[in-house]
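Please read these notes alongside the structure. They are meant for someone who has not looked at it before.

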Amino acid sequence: MNEFDLIAKLTKSLPTNEMVVTGAGDDCAVLDFGLAEKLFLFKTDAVVEGVHFTNETPPEKIGRKALARCLIDIAAMAGTPSAALVTIGLPKKFEAEFVEKIYDGLNALAKKNGVAIVGGETTTNPGGLFISIALLGTVGRGKQILRSGAKTGDAIFVTGELGGSLSGKHLDFEPRLAEARWLAEHFSIHAMADLSDGLAGDLRHILTASGGGAELLKSAVPISRAAKLQSRAASSAKPAFVAALTDGEDFELLLTVASKDAVKLADAWKEKFPKIKLSCIGKIVAGEGITIRDRTGSQKFNAHGYVHFA
């Protein structure tokens, strides 16, 4: 049983109540506390030693990544983060200065994005260091963007470049909060998600929620320099294109819009964010699964992105 099989099994019978607008199954839960103009976004995420970072990772970058992973999920819903709780599990032997530096990295990113750190929990974890963040945010009532809104014929876009994140990007990425809010303010974005599990995995989340398939143009997928270098470094390495679809932890935005808006969106983005790449990589189609089209024809892409317990 892999991560997503387990999630599906566990979420079948979760209790709910009248304040839940969107529960488990999207980038954030959406909650209604009765405010006239706002809904609340609620997200939790964790980083674990040996999975998301190593014992050689600078502590400031560990703290930064812990919060940044939650921030990109708020971005994927076109929201604004507000307050966080931090749970940290420490081995029995630890250095206080090391933990303080973790918080230095976390606090710096929080201040940059207007997030208050309002408490949390410390505990012992003999298996190594972990940090779990619970983050609250807000979004205008009816303005949240879900995974389930993609429509047949939609153009599919991604920000940035994909693959090879272990070379450093998984620690240093910038959550696309301002960019996501700009997209939501200026265009009718049908569906959006962040790329944490890899394009092949997170696009499938949108396809499953929306009920459709996708056709990607191989030459349009933006492959990072790191992924290309890794593919050349060893004969056993993934081809760069496969890495771009499956490596995970790119932490970019994946979104769909009506095809009639695609050119206008691309032009406006280039003017607003000239230093950040935005690529139209394909379209939503009837059916299911992901098809890759190149000069030789089309074929199904059956590999998934990063999956825990695979």
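The points below take up aromatic contacts and then a pocket.

1. The model is a predicted one, and the remarks here should be read with that in mind.

2. Aromatic pairs number 7 in the structure. One of them joins F241 and F301 in an edge-to-face arrangement, with 6.5 Å from centre to centre and 85° between the planes. F241 belongs to helix α8 (residues 240–246) and F301 to strand β13 (residues 297–301), so this pair ties together parts that lie 60 residues apart in sequence.

3. Are the two partners buried or exposed? F241 has a relative accessibility of 11% and counts as buried, because the cut-off for that class is under 20%. F301 is buried as well, with a relative accessible area of 11%.

4. The ring of F241 has a further contact: the charged end of K218 sits over it, 5.2 Å from the ring centre.

5. Elsewhere, W182, F187, W269 and F273 are linked into a cluster by ring pairs.

6. The second largest pocket holds about 280 Å³ of space. Its lining is made up of 16 residues, and those closest to the pocket centre are A78, K143, I145, A184 and E185. Two elements, β6 (130–140) and α5 (177–186), each give two or more residues to this lining.

7. What classes of residue make up the lining of the second largest pocket? There are 7 polar residues, 6 nonpolar and 3 charged.

How values were computed: Residues are numbered from 1 along each chain as its sequence is written. This is a predicted model: local features need pLDDT of at least 70, side-chain atom pairs count only at pLDDT 80 or more; totals for chains, interfaces and linings use all residues. Side-chain values use heavy atoms; hydrogens and water are left out. On a 1 Å grid over the protein atoms alone, a cavity is a set of points where a 1.4 Å probe fits but cannot get out, and a pocket is an open set with protein on both sides within 12 Å along at least five of seven lines; lining residues have an atom within 4 Å of a point. Grid points are joined across faces, edges and corners, and a volume is the space filled by probe spheres set on the points. Helices (H or I, at least four residues) and strands (E, at least two) are DSSP runs, numbered from the N terminus. Ala, Val, Leu, Ile, Met, Phe, Trp, Tyr, Cys and Pro count as nonpolar, Asp, Glu, Lys and Arg as charged, and the others, Gly among them, as polar. Rings of Phe, Tyr and Trp (its six-membered ring) pair if their centres lie within 6.5 Å; planes under 30 degrees apart count as stacked, over 60 as edge-to-face and the rest as tilted. Buried means under 20% relative accessible area, exposed over 50%, partly exposed in between (1.4 Å probe, protein chains only). A charge sits over a ring if NZ of Lys or CZ of Arg is within 6 Å of the ring centre and within 35 degrees of the ring normal.
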